[in-house]
Amino acid sequence: MKNTKFLLLGIISTLCVVGCSNNNSSNKGTSSKQREIEYYEDDGSEHAMPQNIYNSYGQDASSQLVVQWHNEVGSTNQRVQITTEDDTDFTYAHNVEGDCRTFSVEAKTIGNYPDRDIFRAAIDNLEPGTKYIYRVGADGAWSDTYYHLTAEGERGTEFSFTVASDPQHAEHVSMRRTFNAANEYDPDHRFFFNCGDLVNYIGAEPGEIADYMSVATEFNKYKIVGATQGNHDTYHNEPGMNNYIFGEATVFNAYIANPGNGFEENVNKSNSYFYIYNGLLFISLNTLIEDSSYTAQTAWLREVLDTYADDVDFIVATMHIGPFGGREGDKWKEKIVRDNFTPIFAEYKVDLALNGHDHAYNRSNPMVLDGTYTPDQLKNFDTTPNPNGTIFSMVGATGPKFYDIASKQYEDHIWQVREKADPGTFINLHVTDEQLEVKAFRLKGTSGSEIEEIDSYTIDKKVR
């Protein structure tokens with residue numbers, strides 16, 4: 001065994017989760033000094049390069065970071081090294097070992113995915129409003145440097161973020177263009193969020209999620225890229241067949257990281273989660289669960305809102321399938337989503353609910369619903385803006401698949417703004433002390449990053 005020196009942060013995380021290799025790790029420095037060398041013993045073996053690196057905030061975006069990556073089965077000493085941005089050679093990096101599980105599936109069941117060890121490291125005690133750098137892997141086989149800015153952690157601190165949806169393709173050229181346009185419009189926005197359908201056939205076509213990861217890495221190297229699961233991200237192995245298996249996330253959770261604080265902790269199941277970014281409670285709901293699981297997710301959502309709603313300025317919920325259809329009414333899970341979630345949104349005065357799925361842009365007035373409305377009743381629902389209500393919006397798509405706007409049930413009545421998403425849309429959300437300012441944009445053409453504004457509205461801070 002050989003001693004290898006790595007750095008500690010000014011504040012030292014006490015977390016070290018044990019990985020597959022169960023290597024010994026020790027911190028021989030003392031936390032009383034601001035900058036100290038941290039020692040750990042590497043086993044001296046030849047390490048393979050890490051792959052499919054993905055990140056997420058922890059529950060508290062001002063102090064927690066989650067990093068997930070893949071490596072060969074049996075990889076040892078896999079860890080995150082993290083330090084402040086000035087320590088570019090990682091002299092004082094803190095080491096957090098990756099907790100390990102092996103991903104192995106039968107090709108006939110889920111596609112020809114290679115066996116991999118999946119490592120996940122949860123990092124605590126980061127300083128608010130601080131820029132960090134990190135890398136993953138082991139001695140002699142480190143990834144590129146990744147960058148992370150923690151939230152300031154104080155209500156009223158201004159920031160912005162971006163929401164998009166539905167790349168849904170084997171290749172992600174359109175997603176890259178849309179994300180680049182979002183970066184060009186607002187270079188300082190803090191994170192991306194994708195409302196599902198990252199690929200077209202996650203089970204049968206392993207190359208699709210590999211391509212998504214390749215493109216996402218261009219952005220999550222500098223910003224968090226969060227996601228929720230879409231129907232095309234569920235476990236199935238029949239190209240050309242809508243054979244989705246709701247409640248199944250074997251592949252999705254093998255690639256996409258989240259804080260791990262949702263109602264379902266089984267990594268082969270669909271997960272919901274939340275985090276707090278300054279004065280914003282950001283909730284990702286999974287609408288691709290089995291119908292029988294909605295009771296548990298609804299109870300979890302209520303518990304989260306009971307705990308945190310009074311201590312934040314704004315609440316934003318995201319999901320893939322929303323409570324209202326965009327072109328075919330209640331073809332999917334709209335009714336069960338509407339029945340379970342809209343009464344809770346009304347009770348806790350959720351500000352905004354965003355979803356994807358129908359590949360067009362739609363937005364309602366703020367509304368208060370009790371979950372009992374039928375499609376026929378929704379045709380005559382009073383859509384006069386209610387200041388205590390929730391705005392519902394379908395965010396469009398990043399392409400290349402888009403839907404025409406069509407009205408078959410209640411769409412034209414519920415949706416106050418309706419726009420085609422072709423050739424790509426995103427939403428920019430700017431959070432201030434008193435308002436949530438929302439702007440929706442569409443790319444102007446199929447090349448370049450020129451955009452046009454298709455919608456704009458504000459949401460005043462509510463009294464809860």
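How exposed is K420, in terms of relative accessible area? K420 is partly exposed, with a relative accessible area of 41%. Here buried means under 20% relative accessible area, exposed over 50%, and partly exposed in between, with a 1.4 Å probe and protein chains only.

These legends describe a predicted model, in which local features need pLDDT of at least 70 and side-chain atom pairs count only at pLDDT 80 or more, while totals for chains, interfaces and linings use all residues. Residues are numbered from 1 along each chain as its sequence is written, and side-chain values use heavy atoms, with hydrogens and water left out.

**View 1. D404 and K420 meet in a salt bridge.** The N to O distance is 3.7 Å; a salt bridge is a side-chain nitrogen of Lys or Arg within 4 Å of a carboxyl oxygen of Asp or Glu. D404 lies in the loop between β20 (391–395) and α8 (411–414) and K420 in strand β21 (residues 417–420), so the pair ties together parts that are 16 residues apart in sequence. Helices (H or I, at least four residues) and strands (E, at least two) are DSSP runs, numbered from the N terminus. D404 counts as exposed, at 57% relative accessibility.

View 2. D339 is partly exposed at 25% relative accessibility, and K335 is partly exposed at 45%.

**View 3. R338 forms a salt bridge with D330.** The closest N and O atoms are 2.8 Å apart. R338 is buried at 1% relative accessibility, whereas D330 is partly exposed at 21%. The count for the structure comes to 20 salt bridges, and elsewhere R155, D313, D433, E434 and K461 are linked in a network of them.

**View 4. Aromatic rings pair up in this model, and a search of the whole structure finds 33 such pairs.** Y294 and F341 form a tilted pair, 5.8 Å centre to centre with 45° between the planes. Y294 lies in helix α5 (residues 294–308) and F341 in helix α6, so the pair ties together parts that are 47 residues apart in sequence. Y294 is buried at 1% relative accessible area, and F341 is buried at 0%. F324 and W415 form an edge-to-face pair, at 5.9 Å and 85°. Rings of Phe, Tyr and Trp (its six-membered ring) pair if their centres lie within 6.5 Å; planes under 30 degrees apart count as stacked, over 60 as edge-to-face and the rest as tilted. Both F324 and W415 are buried.

**View 5. The charged end of R79 sits over the ring of Y40.** The distance to the ring centre is 3.9 Å. Likewise, the charged end of R135 sits over the ring of F90, 4.2 Å from its centre. A charge sits over a ring if NZ of Lys or CZ of Arg is within 6 Å of the ring centre and within 35 degrees of the ring normal.

**View 6. One aromatic cluster brings together eight named rings' residues: Y57, F159, F161, F191, F193, Y275, Y277 and F282.**
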